[in-house]
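This briefing is for a reader who is new to the structure shown below. Please look over the sequence and the model before reading on.

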Amino acid sequence: MRRPALVALIALFSAPVQADTLLAARTLRAGTAISAADVVLVPDAAAPGIASDPDEAIGLESRVTLYAGRPIPLASLGPPALVERNQLVTLVFQQGGLDIRAEGRALARGGDGDEIRIMNLGSRSTVFGTVAGPGLVTVP
């Protein structure tokens with residue numbers, strides 16, 4: 001005797017996903033610190049890598065020019081610069097109990113944790129260091 005096959009039909013219904021996209025409210029030049037007045041949140045599905053929340057951009061700095069009315073790519077944002085190009089900085093070398101400090105000139109601008117080139121003014125040699133604070137660079 002043959003049994004009728006049980007067919008389970010499951011219908012999944014879901015509400016449309018609400019997503020937002022963050023747009024530049026005005027044209028922001030590279031190096032501009034982003035504030036709440038600089039961004040607009042619109043109800044539109046954000047593509048991968050595009051900011052969808054104001055908290056993802058506010059307080060950061062634009063690395064490239066961001067044009068008004070266009071989505072803000074997360075890769076175009078970074079921490080604010082703590083060291084400007086040509087700025088005099090303090091180079092710090094620490095190992096064990098040894099702490100050596102020297103004066104240098106930044107050859108690039110950078111934010112917290114960025115690796116930049118610095119010219120040691122005492123030896124005129126160029127070294128790489130990591131920005132550790134305003135005007136402070138640590139060298140390995």
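What does the accessible surface of the protein come to, and what percentage of it belongs to carbon and sulfur atoms? The accessible surface is about 9300 Å², and 56% of that belongs to carbon and sulfur atoms. The model is predicted.

**Overall fold**
- The protein has 11 strands and zero helices.
- Along the sequence, the pattern reads β-β-β-β-β-β-β-β-β-β-β.
- Among contacts in the protein with a separation of 6 or more, 43% are between residues 24 or more positions apart.

**Burial and cores**
- The protein has 140 residues, and 26% of them count as buried.
- In soluble globular proteins, nonpolar side chains tend to be buried together.
- The largest nonpolar core here is made of 10 residues, including Leu22, Ala24, Leu28, Ile34 and Val39. Ala51, Ala57, Leu66, Ile72 and Leu77 also belong to this core.
- Another core, of nine residues, lies apart from that one, and Ala106, Ile116, Val131 and Val139 are among its members.
- Leaving out residues up to four places away in sequence, Ala24 touches Leu66 and Ile72, along with Asp38, Tyr67, Ala68, Gly69 and Arg70.

**Thr32 and its surroundings**
- Thr32 sits in the loop that runs between strand 1 (21-24) and strand 2 (39-42).
- The Thr32 side chain reaches the backbone oxygen of Arg29 at 2.7 Å.
- Apart from neighbours within four places in sequence, Thr32 is in contact with Arg26 as well as with Leu60, Glu61 and Ser62.

Conventions. Residues numbered from 1 in each chain as written. Predicted model: local features only at pLDDT ≥ 70, side-chain atom pairs only at ≥ 80, totals over all residues. Heavy atoms only, no water. Helix = DSSP H or I, 4+ residues; strand = E, 2+ residues; numbered from the N terminus. Polar contact = N/O pair within 3.5 Å; in protein donor to acceptor, adjacent residues only side chain to side chain. Contact = heavy atoms within 4.5 Å. Buried < 20%, exposed > 50% of the residue type's maximum accessible area, 1.4 Å probe, protein only. Areas by Shrake-Rupley, 256 points an atom, 1.4 Å probe, with all protein chains shown as cover. Core = buried A, V, L, I, M, F, W, Y, C linked by side-chain atoms within 4.5 Å.
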